[in-house]
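Here is a friendly short tour of a few local features. Please keep the sequence and the model open while you read.

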Amino acid sequence: MSIDTSKVPQFFCRQPKTVELIQAEPLFQSLPNFTPPNDSKDSRCAAYVANGRGFMYTLPEGIQIVDTVTGGLLFKIEIPDIFEFNVSPNGNFITTWSKLTKDNDGNYLKNVNIININLDDQSNPSYKILHSFLNKTQNGWIPQFTADESIVSFFRNPYSLNFFKIAKDIVSTDFTKASYILDLKEFGKIESFQLSPGKVPSVAVFIPAAKGNPAHIKVFSLPNMKNPVSQKQFFKGESCNFKWNSLGTSLLALVSTDVDSTNKSYYGETQLYLLDISGLFVQKINLPNEGPIHETTWSPTSREFAVIYGFMPAVTTFFDSRGNAIHSLPKASRNTILYSPHAKYILVAGFGNLPGDVDILDRQNKFNKVVSFQASNTSVCKWSPDGRFILTATTSPRLRVDNSVKIWYFNGTLVYFKSFNELNSIDWRYQPLTDFPPISVSKADKLDCEQHSSALEYLSKQSKNTTNTVKKGAYRPPHARNSNSGTGTGRSLADLEEQKQNGYLNRSSVVGLIGKPPVGNNAGSESKAAQKNRRKREKKKEEASASPAGSANVASSSSATRGDNKGAPNASNDSLVVGGVFSIEEKKIRNLLKKLRAIEALKVKQENNEHLEDTQVLKIKTEPTVRAELEALGWKEGN
């Protein structure tokens with residue numbers, strides 16, 4: 001059966017000195033006939049263009065563009081030292097920012113280029129540099145295009161935006177005079193702007209608060225630049241991240257400040273606003289839990305959006321397009337949420353400094369959980385264009401070890417794995433949903449493709465590593481190891497602890513611990529204070545054995561001495577001491593028990609929904625390690 005490779009999902013992997021194009025299921029192989037760049041040259045950027053028909057990557061001397069089906073080189077664009085580039089919505093335009101250089105007279109050369117690429121004519125693909133201008137900073141340099149790529153906009157100065165209409169033949173576009181200008185000098189400097197998708201283009205701009213003046217969000221419908229169709233002003237706002245829905249009818253504005261005036265959050269303050277292009281609906285989204293907003297995202301249907309917010313464990317809430325809450329998930333350590341391309345499945349995960357737990361929810365089945373799995377150390381996570389697979393990757397410089405890519409089926413099955421010495425960026429090729437058959441709900445628990453051998457090998461290694469983990473025994477001092485005599489010198493700390501509960505250590509036990517036994521009943525090596533304490537213990541023991549009531553009183557006194565910490569183990573004050581000195585093992589046990597009591601106290605706070613710092617949450621997670629160390633030292637629950 002032949003496979004149409006043009007409709008096979010594909011992704012690229014960019015490494016410091018090379019790139020790879022990999023065809024995903026059901027092939028899972030590198031793209032044939034694609035020749036990667038020379039290993040001696042660095043590649044800073046890579047991306048798909050022309051709606052996935054082409055792939056481009058940078059080299060020190062310029063840009064290479066290749067065919068994503070055949071792997072053959074289409075053409076080169078000779079622009080040296082490109083540090084960053086951006087691709088227009090339909091991929092027919094590339095904008096680049098190059099390293100600043102000067103001419104012989106000491107004047108800066110133009111370093112921003114707007115380039116049109118033509119891949120429609122397969123026999124003669126071409127490109128044309130439409131416009132070049134100077135931008136000294138790498139912040140805010142990116143020109144933006146409308147969804148139909150008929151208009152492009154960029155800054156001429158910090159107070160205004162210029163809009164240029166793209167000519168029908170493209171190459172005759174005039175950049176000497178703007179088609180219309182948005183001038184907001186009376187309100188302040190424009191910090192950021194975002195053109196909308198959809199058929200009716202709009203632009204949202206943000207002006208931060210400064211010198212006692214409020215911050216502004218204004219939305220204008222192109223080409224009307226005089227009166228905003230929607231606006232909001234407030235006094236707390238230094239930066240803003242805009243997210244339009246796919247129809248371009250509503251906008252989420254995540255406004256943040258670097259400093260929290262209430263001193264409750266290290267991350268500053270965040271507020272979320274919802275605006276629409278009709279101007280009839282502008283509101284702040286009220287979130288009941290205090291803390292930062294970690295993630296906001298729109299559904300591909302444009303009918304709802306999701307927000308993850310609050311101190312960890314965070315809350316995930318879904319809202320309709322009017323800002324009404326429709327569903328909330330239980331609190332969990334999550335900071336990432338992604339809708340699948342067809343909006344059927346929702347991925348909710350905790351990446352970054354969180355463990356990497358991933359939940360897949362079925363949106364069409366009342367948010368029921370499909371599966372949970374773990375993708376630890378993930379720095380990039382994306383749905384495949386067919387909505388069946390999830391790509392997770394560990395990239396540099398976020399993490400410089402264990403760089404790899406994993407492909408998961410949406411039911412949590414790992415189907416592909418590839419490791420790298422260093423992986424810098426990765427992404428799927430764009431493909432429309434119409435290229436793929438619809439997902440069959442009846443086969444949701446089955447794979448539509450077989451697991452690749454790389455996944456099976458990786459899972460096998462993980463299983464062996466788990467199986468070969470040897471459980472550590474009780475700690476023994478060096479002089480007590482490799483002993484088969486059965487005497488106290490070969491006993492574990494647990495044995496000595498049990499013996500200690502029944503009375504003072506006998507001669508052989510003391511030899512096993514420090515090698516210097518007490519001499520007779522006089523215990524000549526003991527200090528006077530130690531002899532006095534020993535006599536008191538022996539007297540109490542005799543009284544306890546003579547009277548049942550006395551035994552109960554002694555037990556009660558011992559319990560009171562230890563103290564009662566709720567939920568935490570108790571440690572006896574009668575210790576393995578000789579001459580008034582604690583053994584090394586005893587000191588370790590006491591310190592570990594102290595940590596365990598602190599962890600139990602933090603768990604009580606967590607159950608009462610009290611705020612915990614990130615370090616305190618991490619401390620709670622160390623409980624298994626602390627208990628394992630105690631067991632290794634011979635301590636058991638109830639000692």
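Predicted model: local features only at pLDDT ≥ 70, side-chain atom pairs only at ≥ 80, totals over all residues.

Residues are numbered from 1 along each chain as its sequence is written, and side-chain values use heavy atoms, with hydrogens and water left out.

**The loop residue Asn 335**
- Asn 335 sits in the loop between strand E27 (325–332) and strand E28 (336–339); strands (E, at least two residues) and helices (H or I, at least four) are DSSP runs numbered from the N terminus.
- Asn 335 counts as buried because its relative accessibility is 19%, where buried means under 20% relative accessible area (1.4 Å probe, protein chains only).
- Leaving aside residues up to four places away in sequence, Asn 335 touches several residues, including His 294, Ile 308, Met 312 and Phe 351; contact means heavy atoms within 4.5 Å.

**The sheet**
- Four strands form an open sheet in the order E28-E29-E30-E31, with antiparallel pairing; two strands pair if DSSP finds at least two bridges between them.
- E28 and strand E31 (368–374) are the edge strands, each pairing on one side only.
- Strand E30 (residues 357–362) is joined to E31 by six bridges, and Val 358 has Phe 373 in E31 as its bridge partner.

**Helix H8**
- In helix H8 (residues 623–632), the buried residues are Glu 623, Val 626, Leu 630 and Ala 632.
- These buried residues pack against helix H6 (584–607) and helix H7 (614–620).

Notes: Buried < 20%, exposed > 50% of the residue type's maximum accessible area, 1.4 Å probe, protein only.
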